[in-house]
Amino acid sequence: MTMNAAGGRRRPPTIHDVAREAGVSRGTVSRVLNGGHYVSPAAQEAVNAAIRRTGYVVNRHARSLITGRSDSVGFLLTEPQERFFEDPNFNVLLRGCTQALAAHDIPLLLMLAGTEDERRRITRYITAGHVDGVLLVSSHSGDPVAEQLRGAGVPLVACGKPIGLGSKVSYVAADDRDGARDMVRHLLSLGRRRVGTVTGPLDTPGGVERLAGYREVLAEAGLEFDEKLVVSGDYSRAGGEAGAERLLAQAPDLDAVFVASDLMAQGVLAALQRAGRRVPQDVAVGGFDDSPAALASSPELTTIRQPWDRISAEMVRVLLAQIGGEDPAAVILPTELVKRESA
């Protein structure tokens, strides 16, 4: 802060103050703030040091008028608002993306669009240029948001491969199919042979890929696929509980369950306990995500770890590259089996 001419209230430091402190021209400071092009390393270091000493903060509105950019990114969750607060994965991903963008001094705007009207309003807001790009989370098949944003030329990175869009949209995903294969192989290695599954929503990439991995391992083990051992879920605790009740009614002889999310697995554990089934003695249970729900479960969940820190960092990296003019890209990251008490 700098004193005004009357020695009264202190005013925020300006670009002129930074230039004077650094001993360089105002133009040099401006070039540093806009990417450091045509600036010597010594001058760039002097400007950065002066910014730290003066406490100068970039006027984003003024810079956006020059660059045509908002210098902000949207985190768009196309799920009902209650899912954001219930599912710990969304919060972990949001925190990771926020931290990755903070390294570039870019704020992240949280956008929740669980209804058709909300999606329409937010799509208008985004395509009007209020953010430079979008990190899209939980895109269902038939959800028009990704296609509309792509058609409008908005830089976009999805968490998980958007169904039906293929290479048209950048995405970062854990290897859902391979993770499911690891879990089902683990359950079979325990001697279990009636392995049921509560799937994720089958209009989402995770739901489809995890079910595919389950089926592939049963086939390689020579076990016949039994539709009575498969029920669909919605990634919620209540969905897992209802799914387990259906499984027990359809296949009371099941001895293991692969659940497509840890939150659903909590519901499965509750249903098994009510039915008098011990875990893991009577029924082994495996989850997916290694979210905080896995450690909050009783017993603690054997699960598949998604590398959330890497997923969020890669989503930000790919989006910033796309904002900078690069082509769409796809990144698939490996998962890891984490053994605990439930299986």
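Two strands are said to pair if DSSP finds at least two bridges between them, while helices (H or I, at least four residues) and strands (E, at least two) are DSSP runs, numbered from the N terminus. The model shown in these views is predicted, so that local features need pLDDT of at least 70 and side-chain atom pairs count only at pLDDT 80 or more, whereas totals for chains, interfaces and linings use all residues. Residues are numbered from 1 along each chain as its sequence is written, and side-chain values use heavy atoms, with hydrogens and water left out.

View 1. Strand 10 (residues 256-259) runs parallel to strand 11 and is joined to it by three bridges, with alanine 256 standing opposite alanine 284 in strand 11.

View 2. Valine 195 has alanine 256 as its bridge partner in strand 10, and threonine 199 has serine 232 as its bridge partner in strand 9. Five of the five residues of strand 8 are buried, so this strand is largely enclosed by the rest of the structure; buried means under 20% relative accessible area, exposed over 50%, and partly exposed in between (1.4 Å probe, protein chains only). Val195, Thr197 and Thr199 point one way from the strand, while Gly196 and Val198 point the other way.

View 3. A right-handed β-α-β unit is made by strand 8, helix 10 (residues 205-220) and strand 9; a crossover is right-handed if, with the strands pointing away from the viewer, the path from the first strand over the helix to the second runs clockwise.

**View 4. Cysteine 97 and cysteine 159.** The sulfur of cysteine 97 is 7.8 Å from the closest cysteine sulfur, in cysteine 159, which is too far for a bond, since a disulfide is a pair of cysteine sulfur atoms within 2.5 Å. A search of the whole structure finds zero disulfides. Cysteine 97 is buried at 0% relative accessibility, whereas cysteine 159 is partly exposed, with a relative accessible area of 21%.

**View 5. Asparagine 89 in helix 6 (residues 88-102)**. This asparagine 89 is buried, with a relative accessible area of 8%. Leaving aside neighbours within four places in sequence, asparagine 89 is in contact (heavy atoms within 4.5 Å) with Asp289, Ser291 and Trp308.

**View 6. Serine 40 in the loop between helix 2 (26-33) and helix 3 (41-54)**. Serine 40 is partly exposed, with a relative accessible area of 38%. A polar atom of the serine 40 side chain lies 3.1 Å from the backbone nitrogen of alanine 43. The C-alpha atoms of serine 40 and threonine 28, twelve residues apart along the chain, are separated by 9.5 Å.

Technical notes:
Polar contact = N/O pair within 3.5 Å; in protein donor to acceptor, adjacent residues only side chain to side chain.
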